[in-house]
Amino acid sequence: MSIDIANESGVDVDTDAILDVARHALDEMGVNPLAELAILLVDIEYMSELNHRWMGGDGPTDVLAFPMDEGSVDHGPGESSGEPALLGDIVLCPEVAAKQAVTAGHTAGDELHLLTVHGALHLLGYDHAEPEEEREMFGLQARLLSGWQARRRSAKEPS
């Protein structure tokens, strides 16, 4: 899986963990291992601009997902055309994530991991506009995140 990450936010974040949680989520979802994803971390000003331009929103948001053409999404070996899938871009705002983390009672890093999984699910076509979609997406998001956290904990435990 090719995942490019660029931190243009001015905030020091653990980009390795963000890459790892994104890779975990996409692997668990059966996405073609040749798939390509870009993750961009931006400041509040740029996120506000993107939110206004693409979503019609005011002010910054925590995460935006920009999927490529849905026809190019390859969800696994059963659908593989042999060509790598271009999933799209996930844009994260660490400053907004840090504020949300305080409210949620966890670290800014934990919030960025959650938002990365959330963005990846949006790229795969999941949404939360309707109550049933929200239950499905947020349940899947929680399962993927807890699976990644458990794997990380067990990797850190001494043998």
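At 2% relative accessibility, Ile-39 counts as buried, because buried means under 20%. This is a predicted model. Ile-39 sits in strand β2, which covers residues 36-41. Its contacts beyond four places in sequence include Ile-3, Asp-4, Ile-5 and Ala-6. Ile-39 also touches Ile-18, Ala-22, Ile-90, Leu-92 and Thr-116. Take Ala-6: 33 residues separate Ile-39 from Ala-6 in sequence, yet their C-alpha atoms are 6.5 Å apart in space.

Next come two helices. Two packed helices are described by the angle between their axes and the distance between the axes. Helix α1 spans residues 15-28 and helix α4 spans residues 108-123. They pack at an angle of about 40°, and their axes are 9 Å apart. The crossing of α1 past α4 is right-handed. Which residues of α1 and α4 meet? From α1 come Ala-17, Ile-18, Val-21, Ala-22, Ala-25 and Leu-26. From α4 come Leu-112, His-113, Thr-116, Val-117 and Ala-120. By class, this contact has nine nonpolar residues, two polar ones and no charged ones. Ile-18, Ala-22 and Thr-116 take part in this helix contact, and these three residues also touch Ile-39.

Helix α4 also holds Glu-111. Glu-111 is buried, yet it has no salt bridge. How far away is the nearest side chain of opposite charge? That side chain is Lys-99, and it is 13 Å away. A salt bridge needs the nitrogen and the oxygen within 4 Å, so Lys-99 does not pair with Glu-111. Leaving aside neighbours within four places in sequence, Glu-111 is in contact with Ala-97, Gln-100, Ala-101, Ala-104 and His-106.

Other charged residues do pair. Side chains of opposite charge can pair when their charged atoms come close. The whole structure has two salt bridges.

| Salt bridge | Closest N to O |
|---|---|
| Asp-20 with Arg-151 | 2.6 Å |

Asp-20 is partly exposed at 25% relative accessibility. Arg-151 is partly exposed too, at 37%.

Where do Glu-49 and Arg-53 lie? Both are in helix α2 (residues 44-55), four residues apart, which is about one turn of the helix. Glu-49 is partly exposed, with a relative accessible area of 38%. Arg-53 is partly exposed as well, with a value of 46%.

Note on methods:
Residues are numbered from 1 along each chain as its sequence is written. This is a predicted model: local features need pLDDT of at least 70, side-chain atom pairs count only at pLDDT 80 or more; totals for chains, interfaces and linings use all residues. Side-chain values use heavy atoms; hydrogens and water are left out. Axes are lines fitted to C-alpha atoms, for helices over the stretch in contact, and angles run from 0 to 180 degrees between N-to-C directions. Helices (H or I, at least four residues) and strands (E, at least two) are DSSP runs, numbered from the N terminus. A crossing is left-handed if the near helix is turned anticlockwise from the far one by less than a right angle, and right-handed if clockwise. Contact means heavy atoms within 4.5 Å. Ala, Val, Leu, Ile, Met, Phe, Trp, Tyr, Cys and Pro count as nonpolar, Asp, Glu, Lys and Arg as charged, and the others, Gly among them, as polar. Buried means under 20% relative accessible area, exposed over 50%, partly exposed in between (1.4 Å probe, protein chains only). Lys and Arg count as positive and Asp and Glu as negative; His and the chain ends are not counted.
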